[in-house]
Amino acid sequence: MEIGFFKTAAALYTVSMVLSFGYLLSKKERLSFWLWKILSVGLFCHVVSFILRTRTFWQIPENRYFLPINTFFGALSYLALAVALVFWVVEGRHRLNILGAFVLPWACLASGAAVVFADPAISGLVPALQSYWINIHPMVLMTAYAAFANAFGVGLALLIQEHQVKSRKPSLLCYRLPAIEDLDQLNYRIIAVFFPVLTIGIIMGGVWAYNAWGRFWGWDAKETWALITWFVYVIYLHMRFFGGVRGRKTVYVSMLGFASVIFTFVGVNYLSELHGYLSSKG
Amino acid sequence: MTVPKGTFSLFRSVRFNIFLFSILAGSSALGTFLPQVGEAPEKVEAFLLAHTAWGPVLNSLGLFNVYHSFWFMGLLGLMAFDIVVCKLYKTPPDAGLNHLPPEFSVQEKPDARLEAVLDLKPYRSQWKTPQTGKALEHVLLGFFEKRRYHLEYSQSSGGVRLWVGTRHRMQRWGSYVSHVSLVVVLLGALIKTIFGFEEMVPVLEGGSKLAEHMPWEIYLDRFEVSYYPGTMTPSRFSSALRVYEKASLKRAPDGKDWYEEDPFEEGRLLAQKTILVNDPLVLPAGPGKLGRVKIYQASWGAGGMFRSVMLKIGERTLEIPQRTPTLVPGTAIRVEADMLLPSFVVAPGNRAETDSLELKNPAVRFIFHHQGNKTSPLWLFKNWPELCFAEGENGVLRHAPPPPFRLASVEPILFSGLQVGYDPGFPVVLVGSLGLLVGLSSLFYLHRRRVWVLMKPGGSGSAVLAGAWSSRGPRDFQKEFDGMMTELKVHMGSLSETDRSRKKHGELNRV
């Protein structure tokens with residue numbers, strides 16, 4: 001039943017995304033209204049699916065009181081939920097209306113990949129994951145990743161708007177998109193709010209590793225790539241804070257940061273046995 | 001403390017910092033794509049064999065041990081040095097009065113008039129009020145206290161008074177604290193590198209082994225592994241341990257190995273516990289050492305030894321201990337089981353190998369003895385009863401017809417991989433990490449605002465000039481500043497309640 005709810009959520013995210021593109025390319029305000037409503041229902045279905053999955057997960061005694069994110073399906077599902085939820089919060093606060101077209105594709109991609117590629121079967125936690133840290137460390141990191149997906153969307157909107165402003169014949173998009181300064185500020189605010197979250201997530205991983213294996217940092221591929229992501233966002237913040245750089249250049253760096261996030265989440269599974277969702281070790 | 005200008009100018013440049021972070025990120029990434037000695041030495045060897053031309057070049061550059069190479073350590077050290085230099089040069093503004101906005105220092109504008117100071121503010125407002133003197137100050141104090149601003153009286157020169165109100169003053173320390181904390185984290189890592197150790201002690205069930213760094217003998221009384229039903233996914237590992245400290249253990253002249261002066265010494269029992277993953281055994285590190293040594297359940301496996309195997313011959317089952325030729329009942333044939341491979345694979349050159357120490361595909365080698373002759377060894381599989389390989393004298397495998405017997409079960413002697421770790425730098429890393437979080441949180445989550453209010457007596461009242469600075473962008477603070485100034489004007493009697501309401505709804509332009 002939880003899979004049914006999850007597929008419904010994925011479908012509603014897709015409908016929201018289509019509506020957000022429709023809103024971006026047309027002048028119909030109603031589309032924005034329906035986008036918001038449908039996304040809210042999608043989020044509700046997703047949360048119900050997550051609760052049901054957790055209940056099933058807890059039927060295995062060793063899994064009790066831990067969250068079901070030990071598989072690729074579970075991780076993708078939580079990531080999609082976090083992307084949609086962060087977007088919902090950002091959009092609710094700033095009411096840009098157009099942001100959905102740049103952010104919701106990531107929620108659709110994550111939930112769609114979970115439906116198509118990942119095995120939804122529930123499995124028991126390997127001994128290393130039977131720790132309360134599993135309820136905190138990956139969730140915190142994935143929430144930061146979801147926020148960076150939102151920042152990526154805002155950055156993309158900025159680049160498009162800048163191109164529109166510079167072009168001699170700006171299209172309708174130019175009037176739909178917010179001002180470059182607003183987008184730049186929002187991009188920065190999202191990164192600034194979630195950079196400490198990324199940091200705390202990495203530190204929590206170190207403390208967990210120390211409790212489980214006696215080392216805070218082991219240069220495993222996953223932790224190394226999380227650190228690389230951290231460095232890229234450090235570069236972004238230094239450029240803004242101390243270099244006074246704004247606009248396109250910083251957006252490129254934030255996009256590079258998000259590319260690093262994607263590699264940390266997906267690509268590293270092929271490099272790390274310890275953290276890989278494709279491995280039973282851990 | 002301030003370092004003179006011009007000193008270490010390279011390290012203070014933003015460009016250099018960004019370059020350094022980029023190099024660190026890039027070289028960290030490199031280590032994830034190339035095999036590393038600490039993680040997979042066999043892969044490094046295979047890489048060097050496969051790339052004879054440039055493999056040794058990469059090796060000489062330390063690219064197979066990136067994170068412990070001299071140049072990577074040097075980069076981390078350079079980052080720490082860079083942070084120290086930057087933060088020494090640019091300490092946060094002093095905690096006392098600061099009349100100028102943070103982007104201007106008093107040294108740069110020593111003769112700045114107070115009015116000129118306010119010209120520098122990105123937010124500005126001015127008006128006249130009928131109030132003067134103490135009454136006006138009282139209004140101002142009440143106004144800022146209600147908004148939890150820290151208010152400081154600046155100076156009175158020719159009747160001009162300046163008040164500076166600040167909210168979230170701690171924010172200015174955020175950058176400083178987070179940078180210094182990062183150096184503390186690196187210091188903790190350095191302490192571990194110098195004084196700490198990590199070692200893997202594999203102990204066979206029922207056996208014991210000496211630790212490398214401590215005069216300890218670790219006994220593994222029992223190792224248990226359980227799986228989720230119907231799967232090969234382990235659900236629990238546990239090792240029942242006893243740790244003895246042996247006074248007669250002395251270092252050999254090479255300084256590495258131990259030798260026992262009294263081989264019969266039992267030692268002093270330090271501790272005993274059944275450890276689990278995430279639940280280690282914690283022991284004091286000994287006199288003169290800070291912190292504790294922990295013994296972790298890190299890995300496990302089957303090393304090739306077993307107690308016995310069960311061979312099914314027709315309806316009979318024969319138990320065969322390892323390397324003990326056993327008579328097959330009713331025949332003159334003796335059968336011997338000499339080797340176990342826990343995860344059998346056919347390696348290049350058609351040789352038997354194991355690709356893991358976990359019992360993924362257990363296979364046992366049998367040799368049959370008859371009248372003083374031996375047959376070629378045969379490999380039988382627990383999971384594949386129809387499969388059989390014969391092993392030639394040179395170790396080359398070839399398929400053999402299914403034998404009239406099969407391997408029913410094997411009882412391996414497992415080993416537990418115990419990680420013994422001592423990290424006196426961990427508390428330092430933890431303190432640094434907490435500092436980093438506090439610093440980043442105050443830097444990004446606190447919104448520092450500073451409002452300057454200058455009051456100049458004139459005519460029947462006073463002229464008020466206000467300016468402000470915010471740690472966030474103008475779009476975040478402009479609305480708040482406008483609202484505050486409107487409120488202040490009402491408090492000072494410069495604006496009526498009706499005007500305030502109209503202004504709030506955008507009907508009145510700025511006063």
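A: The mean pLDDT of chain A is 89, and 96% of its residues score at least 70; pLDDT is the predictor's own confidence in each residue, on a scale from 0 to 100. The model is predicted, and accordingly local features are considered only at a pLDDT of at least 70 and side-chain atom pairs only at 80 or more, whereas totals for chains, interfaces and linings use all residues. Residues are numbered from 1 along each chain as its sequence is written, and chains are lettered from A and ligands numbered from 1 in the order in which they are written.

In chain A, helix H9 (residues 248–265) has the highest mean, 94, and helix H6 (residues 172–176) the lowest, 79. Over residues 277–282 of chain A, pLDDT stays under 50, and the model has 14 contacts beyond four places in sequence for this stretch. Here two residues are in contact if their C-beta atoms, placed from the backbone, lie within 7 Å. Where pLDDT is low, predicted coordinates should not be read in detail.

As to the fold, chain A contains 9 helices and 0 strands. Helices (H or I, at least four residues) and strands (E, at least two) are DSSP runs, numbered from the N terminus. Read from that end, the elements of chain A follow the order α-α-α-α-α-α-α-α-α. The radius of gyration of chain A is 19 Å, close to the 19 Å given by the globule rule for 282 residues, so chain A is as compact as a globular protein of that length. This radius is taken over C-alpha atoms, and the rule is 2.2 Å times the number of residues to the power 0.38. Along the principal axes, the C-alpha atoms of chain A fill a box of roughly 60 × 45 × 30 Å.

Of the 282 residues of chain A, 54% count as buried. A residue is buried if 20 or more other C-beta atoms lie within 10 Å of its own, exposed if 12 or fewer, and partly exposed in between, with C-beta atoms placed from the backbone. Among contacts in chain A between residues at least 6 apart in sequence, 76% join residues at least 24 apart. For chain B, the corresponding share of contacts is 59%, and 27% of its 511 residues count as buried. Chain B has 11 helices and 25 strands.

One loop of chain A deserves attention. A:Tyr65 lies in the loop between helix H2 (29–57) and H3 of chain A. A:Tyr65 has a positive phi of about 75° although it is not a glycine. Most residues other than glycine have a negative phi. With 10 C-beta neighbours inside 10 Å, A:Tyr65 counts as exposed.

The domain assignment divides chain A into domain 1 (1–115) and domain 2 (126–282), with bounds that come from an automatic or database assignment. The centres of domain 1 and domain 2 of chain A, taken over C-alpha atoms, are 19 Å apart. Their contact takes 23 residues from domain 1 of chain A and 24 residues from domain 2 of chain A. On the side of domain 1 that touches domain 2, helix H3 (72–94) and helix H4 (100–116) of chain A each supply at least two residues. H3(A) provides the largest share of that side, 10 residues. By class, this side of domain 1 of chain A has 19 nonpolar, 3 polar and 1 charged residues. Ala, Val, Leu, Ile, Met, Phe, Trp, Tyr, Cys and Pro count as nonpolar, Asp, Glu, Lys and Arg as charged, and the others, Gly among them, as polar.

Chain A also meets chain B, in a contact that takes 39 residues from chain A and 39 residues from chain B. On the side of chain A, the elements giving two or more residues are helix H7 (180–213) and helix H8 (221–241) of chain A. H7(A) gives the most, with 12 residues. By class, the side of chain A that touches chain B has 25 nonpolar, 12 polar and 2 charged residues.
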